[in-house]
Amino acid sequence: MSDASASTLRTWMCVVCGFIYNEAEGLPEEGIAAGTRWEDVPETWTCPDCGTTKDDFEMVVLG
């Protein structure tokens, strides 16, 4: 079994407003460094555009 997917940085989208969180870019203005995995973003974090929680984000596949 390959660990390639474990090392790939992912992208997450807010299903409410469409805000994109890109793990490779992080959100430095929010104190989240580039390369921060979604699971490492604090549970108390909220979408900067609409204020929803992490529960309202889904992983998106860009291709």
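The model is predicted, so local features need pLDDT of at least 70 and side-chain atom pairs count only at pLDDT 80 or more, while totals for chains, interfaces and linings use all residues. Residues are numbered from 1 along each chain as its sequence is written, and side-chain values use heavy atoms, with hydrogens and water left out.

Start with the fold. The protein chain has 1 helix and 3 strands. Helices (H or I, at least four residues) and strands (E, at least two) are DSSP runs, numbered from the N terminus. Along the sequence, the pattern reads α-β-β-β. Helix 1 covers 4–7 and strand 1 covers 11–14. Strand 2 spans 20–22 and strand 3 spans 57–60.

Next, the surface. The protein chain exposes about 4200 Å². Carbon and sulfur atoms supply 52% of that area. Accessible areas come from the Shrake-Rupley method with a 1.4 Å probe; for residues, only the protein chains shown count as cover. Of the 63 residues in the protein chain, 29% are buried. Buried means under 20% relative accessible area, exposed means over 50%, and partly exposed lies in between (1.4 Å probe, protein chains only).

Contacts tell of sequence distance. A contact means heavy atoms within 4.5 Å. Among contacts in the protein chain with a separation of 6 or more, 43% come from residues 24 or more positions apart.

Now turn to the loop between strand 2 and strand 3. Gly 31 lies in this loop. Is Gly 31 buried or exposed? Its relative accessibility is 67%, so Gly 31 counts as exposed. Gly 31 and Val 41 are 10 residues apart in sequence. Their C-alpha atoms are 9.8 Å apart in space.

Salt bridges come next. A salt bridge is a side-chain nitrogen of Lys or Arg within 4 Å of a carboxyl oxygen of Asp or Glu. The count comes to 4 salt bridges. One of them joins Glu 39 and Arg 10, with the closest N and O atoms 2.6 Å apart. Glu 39 sits in the loop between strand 2 and strand 3, and Arg 10 in the loop between helix 1 and strand 1, so the pair ties together parts that are 29 residues apart in sequence. Arg 10 is partly exposed, at 23% relative accessible area.

Arg 37 forms a salt bridge with Glu 23, and here the closest N and O atoms are 3.4 Å apart. The two residues lie in the loop between strand 2 and strand 3, 14 residues apart. Both Arg 37 and Glu 23 are buried.

Glu 43 pairs with Lys 54 in another salt bridge, with the closest N and O atoms 3.3 Å apart. Both partners lie in the loop between strand 2 and strand 3, so the pair ties together parts 11 residues apart in sequence. Glu 43 counts as exposed at 59% relative accessibility, whereas Lys 54 is buried at 8%. Salt bridges that share partners also join Arg 10, Glu 23, Arg 37 and Glu 39 into one network.

Last, the cysteines. A disulfide is a pair of cysteine sulfur atoms within 2.5 Å. How many disulfides are there? The count comes to 0. For Cys 14, the closest cysteine sulfur is in Cys 50, 3.7 Å away and so too far for a bond. Cys 14 is buried, with a relative accessible area of 1%. For Cys 47, the closest cysteine sulfur is in Cys 17, at 3.7 Å, which is too far for a bond. Cys 47 is buried, with a relative accessible area of 3%.
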